[in-house]
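Thanks for making the time this morning.

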Amino acid sequence: LIKYIRPVFVSRSDQDSRRKTVEEIKRRAQSDGKWPQIMIFPEGTCTNRSCLITFKPGAFIPGVPVQPVVLRYPNKLDTITWTWQGPGALEILWLTLCQFHNSVEIEFLPVYIPSEEERKNPVLYANNVRRVMAEALGVSVTDYTFEDCQLALAEGQLRLPSDTCLLEFAKLVRSLGLKPETLEDDLDKYAASAMKMKKEKVDLKEFSAYLGFPVSHTLESMFALFDENEDGIIDIREFVIALSVVCKPSKTLETIQLAFQLYQSENGTITEEDLAYILKTAMGVSQINVTHLFRAVDEEEKGEITYDDFYRFAELHPHFAEDYLYADQMGAESGLETSSLSAPNGICTDFSPENAEDKNKSLQKKLN
(Lines give C-alpha, C1' and ligand atoms only; values in the text may rest on other atoms or scores of the structure.)
Protein backbone atom coordinates (compact mmCIF):
# COMPACT_ATOMS: atom_id res chain seq x y z
CA LEU A 1 0.00 0.00 0.00
CA ILE A 2 2.83 2.39 0.80
CA LYS A 3 4.64 1.69 -2.48
CA TYR A 4 1.37 2.21 -4.38
CA ILE A 5 1.33 5.93 -3.53
CA ARG A 6 4.95 6.29 -4.76
CA PRO A 7 6.49 7.73 -1.61
CA VAL A 8 9.99 9.11 -1.03
CA PHE A 9 11.73 6.66 1.29
CA VAL A 10 14.30 8.02 3.73
CA SER A 11 16.62 6.45 6.30
CA ARG A 12 17.03 8.53 9.46
CA SER A 13 20.58 7.27 10.06
CA ASP A 14 21.91 7.49 6.49
CA GLN A 15 23.04 11.02 5.61
CA ASP A 16 23.25 10.16 1.91
CA SER A 17 19.65 8.93 2.00
CA ARG A 18 18.53 12.18 3.66
CA ARG A 19 20.32 14.25 1.00
CA LYS A 20 18.74 12.25 -1.85
CA THR A 21 15.32 12.63 -0.20
CA VAL A 22 15.65 16.42 -0.18
CA GLU A 23 16.70 16.36 -3.85
CA GLU A 24 13.69 14.18 -4.76
CA ILE A 25 11.29 16.44 -2.85
CA LYS A 26 12.66 19.46 -4.73
CA ARG A 27 12.39 17.63 -8.07
CA ARG A 28 8.75 16.70 -7.51
CA ALA A 29 7.72 20.04 -6.01
CA GLN A 30 9.27 21.98 -8.90
CA SER A 31 8.00 19.68 -11.68
CA ASP A 32 5.40 22.19 -12.96
CA GLY A 33 2.43 19.91 -12.37
CA LYS A 34 3.97 16.64 -13.60
CA TRP A 35 3.78 15.29 -10.06
CA PRO A 36 0.76 15.68 -7.78
CA GLN A 37 1.09 17.43 -4.43
CA ILE A 38 3.47 15.80 -1.97
CA MET A 39 2.07 15.06 1.49
CA ILE A 40 4.67 15.51 4.24
CA PHE A 41 4.31 15.18 8.01
CA PRO A 42 6.87 17.85 8.96
CA GLU A 43 7.39 16.82 12.60
CA GLY A 44 8.86 13.53 11.38
CA THR A 45 7.36 11.51 14.24
CA CYS A 46 4.19 10.99 16.29
CA THR A 47 3.57 13.15 19.37
CA ASN A 48 0.87 13.41 22.02
CA ARG A 49 -0.75 16.49 20.39
CA SER A 50 -0.05 18.79 23.35
CA CYS A 51 2.12 21.01 21.12
CA LEU A 52 3.88 21.09 17.76
CA ILE A 53 7.56 20.12 17.87
CA THR A 54 10.24 21.39 15.49
CA PHE A 55 9.33 20.99 11.83
CA LYS A 56 11.99 19.35 9.67
CA PRO A 57 12.99 21.65 6.78
CA GLY A 58 12.58 19.11 3.93
CA ALA A 59 9.09 20.27 2.96
CA PHE A 60 10.22 23.89 2.87
CA ILE A 61 13.57 23.68 1.05
CA PRO A 62 11.96 23.86 -2.45
CA GLY A 63 10.63 27.31 -1.52
CA VAL A 64 7.22 26.69 -3.13
CA PRO A 65 3.77 27.35 -1.56
CA VAL A 66 2.49 24.75 0.91
CA GLN A 67 -1.03 23.72 1.94
CA PRO A 68 -1.09 23.37 5.75
CA VAL A 69 -3.46 20.66 6.99
CA VAL A 70 -4.29 20.10 10.67
CA LEU A 71 -5.82 17.00 12.27
CA ARG A 72 -8.02 16.82 15.37
CA TYR A 73 -9.33 13.76 17.22
CA PRO A 74 -12.24 14.97 19.36
CA ASN A 75 -12.78 11.61 21.08
CA LYS A 76 -13.45 11.26 24.80
CA LEU A 77 -10.92 8.44 25.09
CA ASP A 78 -7.75 9.12 23.08
CA THR A 79 -6.46 5.91 21.54
CA ILE A 80 -5.43 7.57 18.29
CA THR A 81 -2.40 9.50 19.51
CA TRP A 82 0.12 6.71 19.26
CA THR A 83 3.65 7.89 20.01
CA TRP A 84 6.71 5.98 18.91
CA GLN A 85 7.26 4.30 22.27
CA GLY A 86 4.43 2.89 24.34
CA PRO A 87 1.63 0.34 23.88
CA GLY A 88 1.88 -1.91 20.85
CA ALA A 89 -0.12 -1.39 17.66
CA LEU A 90 -2.45 -4.36 18.33
CA GLU A 91 -3.32 -3.05 21.80
CA ILE A 92 -4.03 0.42 20.39
CA LEU A 93 -6.16 -1.11 17.62
CA TRP A 94 -8.13 -3.20 20.13
CA LEU A 95 -8.82 -0.19 22.39
CA THR A 96 -9.92 1.85 19.38
CA LEU A 97 -12.30 -0.86 18.13
CA CYS A 98 -13.83 -1.09 21.63
CA GLN A 99 -15.25 2.41 21.17
CA PHE A 100 -18.62 2.84 19.45
CA HIS A 101 -17.44 5.83 17.45
CA ASN A 102 -14.09 7.43 16.58
CA SER A 103 -13.95 10.89 15.03
CA VAL A 104 -11.28 12.76 13.10
CA GLU A 105 -11.47 16.33 11.84
CA ILE A 106 -9.30 17.42 8.92
CA GLU A 107 -8.98 21.15 8.30
CA PHE A 108 -7.30 22.56 5.21
CA LEU A 109 -5.82 25.96 6.01
CA PRO A 110 -5.23 28.65 3.36
CA VAL A 111 -2.28 28.01 1.06
CA TYR A 112 0.84 29.58 2.57
CA ILE A 113 2.92 31.48 0.01
CA PRO A 114 6.48 32.08 1.23
CA SER A 115 8.14 35.47 1.17
CA GLU A 116 11.50 35.97 -0.52
CA GLU A 117 13.22 35.73 2.86
CA GLU A 118 11.41 32.47 3.64
CA ARG A 119 12.39 30.99 0.28
CA LYS A 120 16.04 31.64 1.15
CA ASN A 121 15.66 30.35 4.70
CA PRO A 122 13.78 27.01 4.96
CA VAL A 123 14.04 26.99 8.78
CA LEU A 124 12.31 30.38 9.00
CA TYR A 125 9.69 29.18 6.49
CA ALA A 126 9.07 26.01 8.55
CA ASN A 127 8.77 27.94 11.82
CA ASN A 128 6.29 30.42 10.37
CA VAL A 129 4.08 27.67 8.91
CA ARG A 130 4.25 25.82 12.23
CA ARG A 131 3.06 28.96 14.03
CA VAL A 132 0.04 29.24 11.71
CA MET A 133 -0.84 25.57 12.26
CA ALA A 134 -0.39 25.83 16.04
CA GLU A 135 -2.76 28.81 16.17
CA ALA A 136 -5.36 26.85 14.20
CA LEU A 137 -5.03 23.91 16.61
CA GLY A 138 -4.94 26.10 19.71
CA VAL A 139 -1.66 24.56 20.95
CA SER A 140 1.80 25.87 21.68
CA VAL A 141 5.10 25.13 19.93
CA THR A 142 8.33 23.75 21.34
CA ASP A 143 11.81 23.50 19.85
CA TYR A 144 12.31 19.87 20.88
CA THR A 145 12.74 17.32 18.10
CA PHE A 146 12.48 13.58 17.50
CA GLU A 147 16.23 13.32 18.15
CA ASP A 148 15.78 14.96 21.58
CA CYS A 149 13.35 12.24 22.61
CA GLN A 150 15.76 9.61 21.30
CA LEU A 151 18.44 11.12 23.50
CA ALA A 152 16.18 11.29 26.56
CA LEU A 153 15.14 7.64 26.20
CA ALA A 154 18.44 6.18 25.03
CA GLU A 155 19.10 2.70 26.39
CA GLY A 156 22.57 2.58 27.90
CA GLN A 157 24.03 1.88 31.33
CA LEU A 158 23.18 5.49 32.21
CA ARG A 159 19.74 6.93 31.63
CA LEU A 160 19.26 10.67 31.58
CA PRO A 161 17.26 12.18 34.46
CA SER A 162 14.26 14.34 33.60
CA ASP A 163 16.05 17.56 34.54
CA THR A 164 19.11 16.96 32.34
CA CYS A 165 20.53 20.02 30.59
CA LEU A 166 21.85 17.76 27.81
CA LEU A 167 18.60 18.26 25.88
CA GLU A 168 19.27 21.99 25.89
CA PHE A 169 22.89 21.29 24.93
CA ALA A 170 21.78 19.09 21.99
CA LYS A 171 19.50 21.87 20.77
CA LEU A 172 22.35 24.39 20.91
CA VAL A 173 24.64 21.97 19.04
CA ARG A 174 22.09 21.81 16.22
CA SER A 175 21.64 25.59 16.32
CA LEU A 176 25.35 25.97 15.55
CA GLY A 177 24.76 23.93 12.40
CA LEU A 178 26.34 20.77 13.80
CA LYS A 179 24.58 17.43 13.32
CA PRO A 180 25.17 15.00 16.22
CA GLU A 181 24.70 11.96 13.97
CA THR A 182 27.68 13.03 11.79
CA LEU A 183 29.93 14.45 14.51
CA GLU A 184 32.01 11.40 15.48
CA ASP A 185 35.05 12.49 13.44
CA ASP A 186 34.84 15.98 14.89
CA LEU A 187 34.45 14.47 18.35
CA ASP A 188 37.84 12.77 17.98
CA LYS A 189 39.37 16.08 16.96
CA TYR A 190 37.83 17.95 19.90
CA ALA A 191 38.91 15.18 22.30
CA ALA A 192 42.52 15.21 21.06
CA SER A 193 42.65 18.98 21.49
CA ALA A 194 41.16 18.75 24.99
CA MET A 195 43.75 16.13 26.02
CA LYS A 196 46.54 18.53 25.07
CA MET A 197 44.93 21.26 27.16
CA LYS A 198 44.54 18.91 30.17
CA LYS A 199 43.06 20.86 33.11
CA GLU A 200 43.46 24.26 31.47
CA LYS A 201 40.22 26.27 31.48
CA VAL A 202 39.14 28.64 28.72
CA ASP A 203 37.05 31.78 28.42
CA LEU A 204 34.33 32.47 25.83
CA LYS A 205 36.74 33.84 23.23
CA GLU A 206 39.03 30.82 23.56
CA PHE A 207 36.00 28.48 23.45
CA SER A 208 34.94 30.17 20.21
CA ALA A 209 38.39 29.59 18.71
CA TYR A 210 38.42 25.97 19.95
CA LEU A 211 35.12 25.21 18.14
CA GLY A 212 35.90 27.38 15.13
CA PHE A 213 32.63 29.32 15.47
CA PRO A 214 32.25 33.08 15.97
CA VAL A 215 30.88 34.33 19.28
CA SER A 216 27.07 34.42 19.09
CA HIS A 217 24.07 34.20 21.40
CA THR A 218 23.94 30.44 20.77
CA LEU A 219 27.61 30.00 21.63
CA GLU A 220 27.18 32.13 24.76
CA SER A 221 24.25 29.96 25.86
CA MET A 222 26.30 26.80 25.31
CA PHE A 223 29.22 28.29 27.24
CA ALA A 224 26.87 29.16 30.12
CA LEU A 225 25.86 25.51 30.48
CA PHE A 226 29.40 24.64 31.51
CA ASP A 227 30.21 27.84 33.43
CA GLU A 228 29.31 26.29 36.79
CA ASN A 229 30.75 28.99 39.00
CA GLU A 230 29.75 31.83 36.66
CA ASP A 231 33.34 33.05 36.64
CA GLY A 232 33.64 33.22 32.85
CA ILE A 233 35.77 30.11 32.33
CA ILE A 234 34.93 26.48 31.57
CA ASP A 235 36.61 23.08 31.46
CA ILE A 236 36.72 21.95 27.82
CA ARG A 237 36.68 18.31 28.96
CA GLU A 238 33.08 18.70 30.11
CA PHE A 239 32.07 19.94 26.66
CA VAL A 240 33.70 16.89 25.03
CA ILE A 241 31.93 14.47 27.38
CA ALA A 242 28.55 16.12 26.78
CA LEU A 243 29.14 16.05 23.02
CA SER A 244 30.00 12.34 23.20
CA VAL A 245 26.71 11.59 24.99
CA VAL A 246 24.73 13.52 22.38
CA CYS A 247 26.57 11.80 19.49
CA LYS A 248 26.41 8.30 21.01
CA PRO A 249 23.57 8.30 23.56
CA SER A 250 23.35 4.50 23.87
CA LYS A 251 27.11 3.88 24.08
CA THR A 252 27.65 4.78 27.71
CA LEU A 253 30.92 2.93 28.22
CA GLU A 254 32.50 4.54 25.14
CA THR A 255 31.78 7.96 26.60
CA ILE A 256 33.10 6.95 30.02
CA GLN A 257 36.27 5.53 28.44
CA LEU A 258 36.83 8.82 26.62
CA ALA A 259 36.21 10.71 29.85
CA PHE A 260 38.80 8.57 31.69
CA GLN A 261 41.34 9.46 29.00
CA LEU A 262 40.57 13.15 29.54
CA TYR A 263 40.74 13.08 33.35
CA GLN A 264 43.25 10.35 34.19
CA SER A 265 46.61 11.05 35.78
CA GLU A 266 49.95 9.92 34.31
CA ASN A 267 49.47 6.45 35.81
CA GLY A 268 46.03 6.12 34.18
CA THR A 269 43.86 6.60 37.28
CA ILE A 270 41.12 8.99 38.37
CA THR A 271 39.84 9.99 41.81
CA GLU A 272 36.33 10.01 43.22
CA GLU A 273 36.13 13.74 42.50
CA ASP A 274 37.03 13.12 38.86
CA LEU A 275 34.37 10.40 38.58
CA ALA A 276 31.81 12.84 39.99
CA TYR A 277 32.69 15.41 37.31
CA ILE A 278 32.54 12.76 34.58
CA LEU A 279 29.13 11.34 35.53
CA LYS A 280 27.66 14.72 36.39
CA THR A 281 28.51 15.95 32.89
CA ALA A 282 27.48 12.68 31.20
CA MET A 283 24.05 12.97 32.85
CA GLY A 284 23.71 16.75 32.55
CA VAL A 285 22.94 17.44 36.22
CA SER A 286 24.37 19.86 38.75
CA GLN A 287 25.18 17.36 41.49
CA ILE A 288 25.53 13.63 41.86
CA ASN A 289 26.71 11.38 44.68
CA VAL A 290 29.19 8.79 43.36
CA THR A 291 30.68 7.74 46.70
CA HIS A 292 28.92 4.34 46.83
CA LEU A 293 29.77 3.59 43.20
CA PHE A 294 33.42 4.64 43.57
CA ARG A 295 33.91 2.52 46.69
CA ALA A 296 32.34 -0.47 44.98
CA VAL A 297 34.74 -0.14 42.03
CA ASP A 298 37.74 0.63 44.26
CA GLU A 299 37.77 -2.76 45.98
CA GLU A 300 41.38 -2.37 47.17
CA GLU A 301 40.61 1.07 48.65
CA LYS A 302 43.45 2.78 46.80
CA GLY A 303 41.51 6.01 46.45
CA GLU A 304 41.86 5.86 42.67
CA ILE A 305 40.58 3.65 39.86
CA THR A 306 41.44 2.91 36.23
CA TYR A 307 39.07 2.51 33.30
CA ASP A 308 39.82 -1.22 33.30
CA ASP A 309 38.63 -1.35 36.94
CA PHE A 310 35.45 0.46 35.97
CA TYR A 311 34.89 -1.70 32.88
CA ARG A 312 35.27 -4.95 34.82
CA PHE A 313 32.84 -3.64 37.42
CA ALA A 314 30.33 -2.61 34.73
CA GLU A 315 30.58 -6.04 33.13
CA LEU A 316 29.73 -7.70 36.45
CA HIS A 317 27.07 -5.10 37.32
CA PRO A 318 25.41 -4.01 34.04
CA HIS A 319 22.77 -2.13 36.05
CA PHE A 320 25.26 -0.24 38.18
CA ALA A 321 23.51 3.09 37.60
CA GLU A 322 20.21 1.84 39.02
CA ASP A 323 21.98 0.17 41.95
CA TYR A 324 24.42 2.92 42.90
CA LEU A 325 23.25 6.22 41.37
CA TYR A 326 19.47 6.08 41.05
CA ALA A 327 18.55 3.86 43.98
CA ASP A 328 17.82 6.80 46.28
CA GLN A 329 17.19 9.37 43.59
CA MET A 330 13.81 10.34 44.99
CA GLY A 331 14.91 10.23 48.63
CA ALA A 332 16.00 13.09 50.84
CA GLU A 333 19.54 11.72 51.04
CA SER A 334 20.04 11.65 47.29
CA GLY A 335 22.89 13.68 45.86
CA LEU A 336 21.17 13.86 42.49
CA GLU A 337 18.83 16.76 42.00
CA THR A 338 15.49 15.63 40.64
CA SER A 339 13.07 17.52 38.51
CA SER A 340 9.57 18.57 39.26
CA LEU A 341 8.67 17.89 35.63
CA SER A 342 6.15 15.13 35.27
CA ALA A 343 6.08 12.36 32.72
CA PRO A 344 2.36 12.34 31.85
CA ASN A 345 2.49 9.16 29.79
CA GLY A 346 4.90 7.41 32.13
CA ILE A 347 7.36 7.04 29.27
CA CYS A 348 8.82 10.30 28.11
CA THR A 349 9.75 13.52 29.89
CA ASP A 350 7.15 16.26 29.56
CA PHE A 351 8.45 18.43 26.74
CA SER A 352 5.64 20.96 27.09
CA PRO A 353 6.52 24.57 26.17
CA GLU A 354 5.74 25.88 29.67
CA ASN A 355 8.38 23.66 31.26
CA ALA A 356 10.87 24.32 28.49
CA GLU A 357 10.44 28.06 29.00
CA ASP A 358 11.06 27.74 32.73
CA LYS A 359 14.23 25.76 32.11
CA ASN A 360 15.54 28.25 29.57
CA LYS A 361 15.39 31.09 32.06
CA SER A 362 18.57 29.68 33.57
CA LEU A 363 20.83 27.54 31.42
CA GLN A 364 23.69 27.26 33.89
CA LYS A 365 24.28 24.12 35.90
CA LYS A 366 23.83 25.43 39.43
CA LEU A 367 25.87 24.02 42.27
CA ASN A 368 24.52 24.03 45.82
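Leu 262 is found in helix H11, where helices are DSSP runs of H or I with at least four residues, numbered from the N terminus. This is a predicted model, in which local features need pLDDT of at least 70 and side-chain atom pairs count only at pLDDT 80 or more, while totals for chains, interfaces and linings use all residues. Residues are numbered from 1 along each chain as its sequence is written, and side-chain values use heavy atoms, with hydrogens and water left out.

Leu 262 has a relative accessible area of 6% and is therefore buried, a term that means under 20% with a 1.4 Å probe and protein chains only. Not counting residues up to four places away in sequence, Leu 262 touches Ala 191, Ala 194, Met 195, Arg 237, Val 240 and Ile 241, contact meaning heavy atoms within 4.5 Å. The C-alpha atoms of Leu 262 and Met 195 are separated by 5.6 Å, although the two residues lie 67 apart along the chain.

Turning to helix pairs, the axes of H7 (residues 184-197) and H10 (residues 236-247) come within 9 Å and cross at roughly 155°, which means that H7 is roughly antiparallel to H10, as angles over 145 degrees count as such. Axes here are lines fitted to C-alpha atoms over the stretch in contact, with angles from 0 to 180 degrees between N-to-C directions. The contact involves, among others, Leu 187 and Tyr 190 of H7 and Phe 239 and Leu 243 of H10.

Technical notes
Helices (H or I, at least four residues) and strands (E, at least two) are DSSP runs, numbered from the N terminus. Buried means under 20% relative accessible area, exposed over 50%, partly exposed in between (1.4 Å probe, protein chains only). Angles under 35 degrees count as roughly parallel, over 145 as roughly antiparallel, 65 to 115 as roughly perpendicular and the rest as oblique.
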